[in-house]
Amino acid sequence: MLQSPPSLIDERGIIGRVLKLLPLQLRGRFLEVLAELQDESCYRYQRFYKTKLRRIKGTQIPLYCAKIDDAENWKLYISYQEGKLYLEDIIHPVPKAHKDKDSLDIIAELNDF
């Protein structure tokens, strides 16, 4: 018997932040990302073609990065706890001249994202 995909939990209001930050042309892509995270065949075959979902190493809790857009480098960070996926943060691209790296950026670079 197949297990259902983990439930998505948005305790931090990430979906609301996405609606404010994400350009209009990428909002449909964000819905595709959420749909892939709920697709049981992706978990069965461990293939996430749209999001390129990857585990971030070096974190205490299981933290994952899902790409929303390759060209502009929008990313969604998700944690896996107690059989549920928690939306943790959305990272939006900042021009290189003004970019200050935070800890998630540094960890992601170390993991070749």
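## A helix-backed mixed sheet

Helix α1 (residues 14-21) lies across β4 and β5, at about 30° to β5. The angle here runs from 0 to 180 degrees between N-to-C directions, with axes as lines fitted to C-alpha atoms, for helices over the stretch in contact. Helix α2 (residues 27-37) also packs on the sheet and touches β1, β3 (63-69), β4 and β5, contact being heavy atoms within 4.5 Å. The direction of α2 makes about 145° with that of β3.

A word on the source: this is a predicted model, where local features need pLDDT of at least 70 and side-chain atom pairs count only at pLDDT 80 or more, while totals for chains, interfaces and linings use all residues. Residues are numbered from 1 along each chain as its sequence is written, and side-chain values use heavy atoms, leaving out hydrogens and water.

Now the overall layout. The chain has 4 helices and 5 strands, running β-α-α-α-β-β-β-β-α from the N terminus. Both kinds of element are DSSP runs numbered from the N terminus: helices are H or I with at least four residues, strands E with at least two.

The 5 strands make an open sheet, ordered β1-β5-β4-β3-β2, with mixed pairing. Two strands pair if DSSP finds at least two bridges between them. On average, neighbouring strands of this sheet are turned by 35° against each other, direction ignored. Strands β4 (residues 74-81) and β5 (residues 84-91) pair antiparallel over 7 bridges, and Tyr80 stands opposite Leu85 in β5.

Back to α2: its buried residues are Phe30, Val33, Leu34, Glu36 and Leu37. They sit on the same side of α2 because they cover an arc of only 160° around the axis, taken from the directions from the helix axis to the C-beta atoms. Their cover includes β1, α1, α3 (40-45), β3, β4 and β5.

What about the cysteines? There are 0 disulfides in the structure, a disulfide being a pair of cysteine sulfur atoms within 2.5 Å.

For the chain as a whole, 35% of the 113 residues count as buried. The accessible surface comes to about 7,500 Å², 51% of it belonging to carbon and sulfur atoms, by the Shrake-Rupley method with a 1.4 Å probe.

Terms used. Buried means under 20% relative accessible area, exposed over 50%, partly exposed in between (1.4 Å probe, protein chains only).
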